[in-house]
Amino acid sequence: MNHSVEESIRTYIAQNILFRNDGYPYEDSTSFLDNGIVDSINVMELVMFVEETFGIKVKDEEIVPDHFDSVERLSAYVKKKGE
Amino acid sequence: MLVQEFLERSTARTPEKTALVCGNRRLSYAEIDDQANRFAAYLLAHGLQRGDRVAIYLPNGVEAVISLFGALKAGGVFVMLNATTKFDKLITILNDCGAAAIIAGGADTDFYQGLQVAVPSLQIMIHHDQRKSAAEFSEAPGLVDFSAVMAAAVDGKPVLQTIDLDLACLVYTSGSTGDSKGVMCDHSNVDFATGSIITYLGNTADDIVLNCLPLSFDYGLYQLLMVFKFGGTLVLEKGFVFPAVILQQIQRERVTGFPGVPTIFAILTTTDLASYDLSSLRYLTNTAAALPVSHIQALREKFPQAQLFSMYGLTETKRTLYLPPQELGRRPGSVGVAIPGTEVWLEDEDGNRLGAGEIGELVVRGRHVMRGYWNAPEATAARYRPGILPHERVCYTGDLFRRDEEGFYYFVSRKDDIIKSRGEKVSPVELERVLYGIPGVTRAAVIGVPDDMLGEAIKVFVVCSDPALSEKDVLIYCRGHVEDYMVPKYVEFRTELPMTESGKVLKTSLS
């Protein structure tokens, strides 16, 4: 289960933000912001994606780098919210 | 005044004052001035001549600011480039301006070796990336790390070489022909434009401005220049990726001024602001594209204590019009009147001046009318034409406006087909050229379609001989070849496109 959270986030970003067919090309710990992986519109798309996929509600004040700046952080946040 | 004197005079007045806040770093005016002197000394010691172009290819950050003022102190002309510009376009621009120096955050040795081969004018290459030092690029000879430049001993500021008729910067902007053109701005142009904007915004040294717009975009660049001129504090962010982070910064730093574009304000109008103390905000500014009236109302409700300035401009004159905030309630659709010390009027195709209610091209007169396009005399002659007095030039904006009885201007449309998405200019021709590079694409057309969040979203129509080509393939290709803001939102495949008799795609029938 835990593995699939990371995997589905990686797949979503690769296909819908980076537009790649060959998977997510970075480490799970790579910062989205420092590497220009997402912009503000992408972050809003990511929020909608995790809300719909994992059935959680993301508050505006939770949309911060601590939760949304890498695959690792986002999956940890999703898992914590789902507990 | 010279542009580097914005920094030097504020340093002389308030050396210890915080000039720049960037992430966890806080730098005083004296610290920035000292580091810019070091940077200038390095450039001069390595052969930079008066008027040489210095390209700065970095995201928003302390190093970009130091490089900019260092280039000026060395007598150079700075060229800020968007950090998401792809290699081929970067090469084109560097060769267009004949860059003698570049400060870049290249990811690998190939990048720097490629630059050395493709841009013969480059004599100086400086690397900055917090994750990787230049020492890791041993196969790129001559590359030096930014930290090494800062570590060198220097003796005060370099001897002044320039006067205010010399160029301070080139600002590259998209044009309808598809090629980026460098707008030549001399020191007196920048000094005048910053002074005029500071006047109507009423800025003082107490202002703290948060800028999350790229410094490669003149709107973002001028936040830095204006703040250093009036001796305030600039809170510089890499972007508007996390609205909560920006709102926390506004609260923490007691920010008084916040410049945005419609996409940013669209996000803010849907964000819950209740948990933030934003009472320090004195003003918000919008330009690059018109704010929908519904957003203006929402912003006034969400930021009741802040004045909202609707503005209009183009890189060729920096800022052109602004609406005094007290007029916003009466004419929310207007972008106002000429900025202080300048004048504008409307002309028809035959050069006749037009009156209230009539629609015509906006013409601009003032010291903010820049010096033309670098290396592009024909484009310069079309945009900058003879003015009222001998040897004077006025700027023909290419934008159609109307004026009301009381002299306030309203944007109607562009004369060309440039798209404004996220506040950035996108040239359909440039993107179409990229699309033709995809194997199998036989015809391509790019248009802008209305979008609540983006202003205009980019939509591409493609005729393709390869049935296997997918929407995703097109997007992948674009992502690899153009800046992030130019990647289309929609891709539509067609078996054919409507054409005019002269063989051009009839875009007016696409939607």
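In the predicted model, strand β17 (residues 343-347) of chain B pairs with β18(B) in the antiparallel sense over five bridges; helices (H or I, at least four residues) and strands (E, at least two) are DSSP runs numbered from the N terminus, and two strands count as paired if DSSP finds at least two bridges between them. Within this pairing, B:Leu346 stands opposite B:Leu362 of β18(B). β18(B) also pairs with strand β20 (residues 393-403) of chain B, again in the antiparallel sense and over five bridges. Here B:Glu361 has B:Leu400 in β20(B) as its bridge partner.

How far is strand β18 of chain B enclosed by the rest of the structure? Five of the seven residues of this strand (residues 359-365) are buried, so β18 of chain B is largely enclosed. Buried means under 20% relative accessible area, exposed means over 50%, and partly exposed lies in between (1.4 Å probe, protein chains only).

Residues are numbered from 1 along each chain as its sequence is written, and chains are lettered from A and ligands numbered from 1 in the order in which they are written. As the model is a predicted one, local features need pLDDT of at least 70 and side-chain atom pairs count only at pLDDT 80 or more, while totals for chains, interfaces and linings use all residues; side-chain values use heavy atoms, with hydrogens and water left out.

The charged pairs come next. A salt bridge is a side-chain nitrogen of Lys or Arg within 4 Å of a carboxyl oxygen of Asp or Glu, and by this rule the count over all chains is 38. One of them joins B:Asp191 to B:Lys229, with the closest N and O atoms 2.6 Å apart. B:Asp191 belongs to helix α7 (residues 187-201) of chain B and B:Lys229 to helix α8 (residues 218-230) of chain B, so the pair ties together parts that are 38 residues apart in sequence. B:Asp191 is buried at 16% relative accessible area, and B:Lys229 counts as buried at 18%.

B:Arg254 and B:Asp277 form another salt bridge, at 3.3 Å between the closest N and O atoms. B:Arg254 is partly exposed, at 37% relative accessible area, and B:Asp277 is partly exposed, at 37%. In the salt bridge of B:Arg414 with B:Asp399, the closest N and O atoms are 3.8 Å apart. This pair links strand β21 (residues 409-414) of chain B, which holds B:Arg414, to strand β20 of chain B, which holds B:Asp399, 15 residues apart. B:Asp399 is buried, with a relative accessible area of 3%.

The last topic is the interface. Contact is defined as heavy atoms within 4.5 Å, and 24 residues of chain B are in contact with 24 residues of chain A. About 2,000 Å² is buried between the two chains, 61% of it given by carbon and sulfur atoms; this is the accessible area (1.4 Å probe) that two parts lose on being put together, summed over both. In chain B, B:Val241, B:Phe242 and B:Arg479 lose the most area to chain A, together 32% of what that side buries. The rule finds two salt bridges across the interface of chain B and chain A. The side chains of B:Arg422 and A:Asp39 meet in a salt bridge, at 2.3 Å from N to O.
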